[in-house]
Amino acid sequence: LNLLDTITNTLYTTINNNDRDIANKILNQFQELPESFGYCDFILTHSQNLYTKTFALGIMENVIKTRWNLLDPVIRNSIRNFLVDILIKTVTEPPQNMNVSFFVNKLNIVIIAIAKNEWTTSWPNFISELCSSSRQNQNLCENNMKLLQLLSEEINEFWKNSLTTQKAFELKNKMSTEFSQVFLLCKFIFDNAQNVKQSLLIQAV
């Protein structure tokens with residue numbers, strides 16, 4: 001793990017192009033290993049390096065996009081809950097690193113990738129969970145609004161990503177059915193505008 005941290009640090013921080021190319025080649029080779037996905041939970045749990053954690057999320061994102069439905073449903077559910085727990089913990093705790101937003105943005109993308117696969121089937125409470133948890137913490141609420149924005153963009157610009165027309169239609173119908181919950185959350189934010197931080201108000205708009 002320490003070696004992996006060193007390599008990811010080199011990729012993102014070195015000014016030496018040769019060192020960066022070597023680091024990138026090593027990481028690509030690791031990512032292409034069939035068993036690399038199995039190390040991601042260990043990396044995300046034990047590494048203190050946000051670059052390394054973000055790299056692990058990249059591996060997970062690729063699996064979600066290419067062979068998510070081939071995984072056992074129990075494993076899929078475990079991965080989903082694991083990532084949601086990490087996201088909640090990361091955004092609700094005071095940031096310990098300036099690069100935390102880099103990690104959170106990637107985590108958001110991965111969670112939305114899962115939601116696109118499961119929202120209409122095995123994760124029907126995705127929107128209601130976002131809306132209910134948003135009332136607990138302003139930082140969490142702000143990030144949940146970012147998740148909703150990401151999901152909306154994925155649905156409305158489906159031709160730019162991996163969504164089929166049929167899948168986009170299903171997600172649009174689901175969003176239409178549950179939009180009232182999002183509206184009530186936004187109303188709750190604006191009704192309490194005097195006590196809400198400006199960045200959350202902007203995100204809600």
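A nonpolar core here is a set of buried Ala, Val, Leu, Ile, Met, Phe, Trp, Tyr and Cys residues joined through side-chain atoms within 4.5 Å, where buried means under 20% relative accessible area with a 1.4 Å probe, protein chains only. This is a predicted model, so local features need pLDDT of at least 70 and side-chain atom pairs count only at pLDDT 80 or more, while totals for chains, interfaces and linings use all residues. Residues are numbered from 1 along each chain as its sequence is written, and side-chain values use heavy atoms, leaving out hydrogens and water.

The largest nonpolar core runs to 57 residues, and L83, F126 and I189 have the most contacts inside it. Helix α6 gives the most to this core, with 10 residues; helices are DSSP runs (H or I, at least four residues) numbered from the N terminus.

I114 sits in α6 and counts as buried because its relative accessibility is 1%. Its C-alpha is 9.5 Å from that of I79, 35 residues away in sequence.

| Residue | Contacts within 4.5 Å |
|---|---|
| I114 | I64, W68, R80, L83, W123 |
| L83 | L44, L57, M60, L107, V110, I111, I114 |
| T14 | N9, D19, R20 |

Over in α7 (residues 126-133), F126, I127, L130, C131 and S133 are buried. The buried residues of α7 pack against α6 (100-118), α8 (138-156) and α9 (165-191).

As for T14, you'll find it in the loop between α1 (2-13) and α2 (17-31). T14 is buried at 17% relative accessible area.

Key: Buried < 20%, exposed > 50% of the residue type's maximum accessible area, 1.4 Å probe, protein only. Helix = DSSP H or I, 4+ residues; strand = E, 2+ residues; numbered from the N terminus. Lists of a residue's contacts leave out its neighbours within four places in sequence.
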